[in-house]
Amino acid sequence: QVQLVESGGGLVQPGGSLRLSCAASTTNFMAYHMAWYRQAPGKEREFVAIVTKTSTTVYGNSVKGRFTISRDNPERTAYLQMNNLEPEDSAVYYCTARIEPSIGRNTVWGQGTQVTVSS
């Protein structure tokens, strides 16, 4: 089973930027759709962005125009570039990998990385 390791979270001021990375331990990385979700305390999990195996990208409404998702297939890594961060972006960010079109029982989740936006 593929394993995911996220990195790049931390504390940043409003208006700042961070780049999250998600390294996958699979030689079949190109078969997976890679997505990011986030969850803030007391809130439901929220879809952030997805990059499909064919490199199509889709974004959640709250991050459109500020976040960019990408993938590097030879490096087996997905990225989330986050610009113009707002306090409302503070959450634990989770990387996911799946072969199916939608989240399901076979979706693999990373351990999460904390992003805090505060002055």
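Reader: Which residues have the most contacts inside the largest nonpolar core?

Author: This is a predicted model, and its largest nonpolar core has 31 residues. Strands S3, S4, S5, S7, S8, S9 and S11 each supply at least two residues of this core. Those with the most contacts inside the core are Leu4, Met34, Trp36, Leu80, Met82 and Tyr93.

Reader: Leaving aside neighbours within four places in sequence, which residues is Leu4 in contact with?

Author: Leu4 belongs to the residues with the most contacts inside the largest nonpolar core. Its partners, neighbours within four places in sequence left aside, include Met34, Val108, Trp109, Gly110 and Gln111. The list also holds Cys22, Ala23, Ala24, Cys95, Thr96 and Ala97.

Reader: How many disulfides does the count come to, and which residues form a disulfide?

Author: A disulfide is a covalent bond between the sulfur atoms of two cysteines. In this model the count comes to 1 disulfide. The sulfur atoms concerned lie 2.0 Å apart, and they belong to Cys22 and Cys95.

Reader: Where in the chain are Cys22 and Cys95, and how many residues apart are they?

Author: Both Cys22 and Cys95 are buried. The disulfide of Cys22 and Cys95 links distant parts of the chain, with Cys22 in strand S3 and Cys95 in strand S9.

Reader: What is the angle about the S-S bond of Cys22 and Cys95?

Author: The link of Cys22 and Cys95 is left-handed. The angle about its S-S bond is -80 degrees.

Reader: How many salt bridges are there, and which residue forms one with Glu46?

Author: The count comes to 4 salt bridges. In one of them, the closest N and O atoms are 2.8 Å apart, and Glu46 is a partner. The other partner is Arg38.

Reader: Why does Arg38 count as buried, whereas Glu46 counts as partly exposed?

Author: The cut-off for a buried residue is under 20% relative accessible area. Glu46 has a relative accessibility of 28%, so this residue counts as partly exposed. Arg38 is buried because its relative accessible area is 5%.

Reader: Which residues meet Arg66 in salt bridges?

Author: The side chains of Glu86 and Arg66 meet at 3.9 Å, N to O. Glu86 lies in the loop between S8 and S9, and Arg66 in the loop between S6 and S7, 20 residues apart. A second salt bridge of Arg66, at 2.7 Å from N to O, is made with Asp89. The partners of Arg66 are therefore Glu86 and Asp89.

Reader: Are Arg66, Asp89 and Glu86 buried or partly exposed?

Author: Residues under 20% relative accessible area count as buried. Arg66, at 10% relative accessibility, is therefore buried, and Asp89, at 1%, is buried as well. Glu86 has a relative accessibility of 31% and counts as partly exposed.

Reader: What radius of gyration does the protein have?

Author: The C-alpha trace spans about 40 × 30 × 25 Å along its principal axes. With 119 residues, a compact globule would have a radius of gyration near 14 Å. The value for the protein agrees with this, at 13 Å.

Reader: What percentage of the 119 residues is buried?

Author: The accessible surface comes to about 6,300 Å², of which 47% belongs to carbon and sulfur atoms. Of the 119 residues, the buried ones make up 45%.

Conventions. Residues numbered from 1 in each chain as written. Predicted model: local features only at pLDDT ≥ 70, side-chain atom pairs only at ≥ 80, totals over all residues. Heavy atoms only, no water. Core = buried A, V, L, I, M, F, W, Y, C linked by side-chain atoms within 4.5 Å. Buried < 20%, exposed > 50% of the residue type's maximum accessible area, 1.4 Å probe, protein only. Helix = DSSP H or I, 4+ residues; strand = E, 2+ residues; numbered from the N terminus. Contact = heavy atoms within 4.5 Å. Disulfide = S-S within 2.5 Å. Rg over C-alpha atoms; globule rule 2.2 N^0.38 Å. Areas by Shrake-Rupley, 256 points an atom, 1.4 Å probe, with all protein chains shown as cover.
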